[in-house]
Each structure stands twice: as structure tokens, then as C-alpha cells.
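Student: I have a protein model to go through, and I would like to know what the terms used for it rest on.

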Amino acid sequence: HVHGKEKAAAFVSNLYKHLDAGESGDIVSRSIVCCRDGKPVAMPPPPQPTPPKPKTAPAAAKQEAAKASPLKAAGIGALVLVLGVSGLLGLGEGVKTSLLTTFL
């Protein structure tokens, strides 16, 4: 942030340049240094937060949530359960009972 494209070779010179620029200098450089030549360096004010965006989407989400039917959800859940159990029974078809008892 402070050194720029010159990398480490120009770190100190860039740091002093930003401090000499005052308020127009880099905020990171001014936040790092607390005093220079025995004189305190004023800390810059923190950046202002971004204002929140207005909420417009929750109204549409509430309408979609209201349309969901508990009866439909329960029916779909029951159907999935029946298909899952039927699939497991189908996998066990043709296997001797003595082999299945090891999993119980």
C-alpha cells in the first residue's frame, strides 16, 4: 500500500512523501506513523461507512413464502420417503436373509 511500484527500495521516501502531503496523502501512511521529528502526527479520521441499500425485495419474498402450502410440502416429503424405502427394499431383493441380518 505504502511502497507503490518501486517496492522496498522506495518505502521510506514514499512514506515521507505521503506524510508531507498532509490530508491529500495516503491514509495508510498517516495511520502508521504517530510522530515525526518529535512532533505528533494527527491521525486521520476513519472513512465513513457506506450507507445501507433500501430494502425492497422482502415484500416479494413474503408473498412467495405465503404461497407455500404445508400440505404440499408434507405430500412431497412422504413421496420421497416412500420412494427411498422402496429403493432400499429393491436393493435387498434376492439377497439371503442371513446376509441382511448383519446390518441390523
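Student: Where does D37 lie?

Tutor: D37 is in the loop between β1 (35-36) and β2 (39-40). Keep in mind that this is a predicted model.

Student: Why is D37 called exposed?

Tutor: The relative accessibility of D37 is 72%. Exposed means over 50%, so D37 counts as exposed.

Student: What makes the phi of D37 worth a remark?

Tutor: Most residues other than glycine have a negative phi. D37 is not a glycine, yet its phi is positive, about 55 degrees.

Student: Which elements does the chain have, and in what order do they run?

Tutor: There are five helices and two strands in the chain. From the N terminus on, the order is α-α-β-β-α-α-α.

Student: How do you know where in the chain confidence is lowest and where it is highest?

Tutor: By the mean pLDDT. Helix α3 (residues 58-67) has the lowest, at 63, and helix α4 (residues 70-92) the highest, at 92. Local features need a pLDDT of at least 70, and 83% of the residues reach that score. The average for the chain is 79. Where pLDDT is low, the predicted coordinates should not be read in detail.

Student: What share of the residues is called buried?

Tutor: Of the 104 residues in the chain, 12% are buried. The cut-off for that word is under 20% relative accessible area.

Student: What lines the largest pocket, by class?

Tutor: Its lining has five nonpolar, one polar and four charged residues. Among the lining residues are L19, D20, G22 and R30.

Methods. Residues numbered from 1 in each chain as written. Predicted model: local features only at pLDDT ≥ 70, side-chain atom pairs only at ≥ 80, totals over all residues. Heavy atoms only, no water. pLDDT = per-residue confidence, 0-100. Helix = DSSP H or I, 4+ residues; strand = E, 2+ residues; numbered from the N terminus. 1 Å grid on protein atoms, 1.4 Å probe; cavity = no way out; pocket = protein on both sides within 12 Å on 5 of 7 lines; lining within 4 Å. Nonpolar A, V, L, I, M, F, W, Y, C, P; charged D, E, K, R; others polar. Buried < 20%, exposed > 50% of the residue type's maximum accessible area, 1.4 Å probe, protein only.
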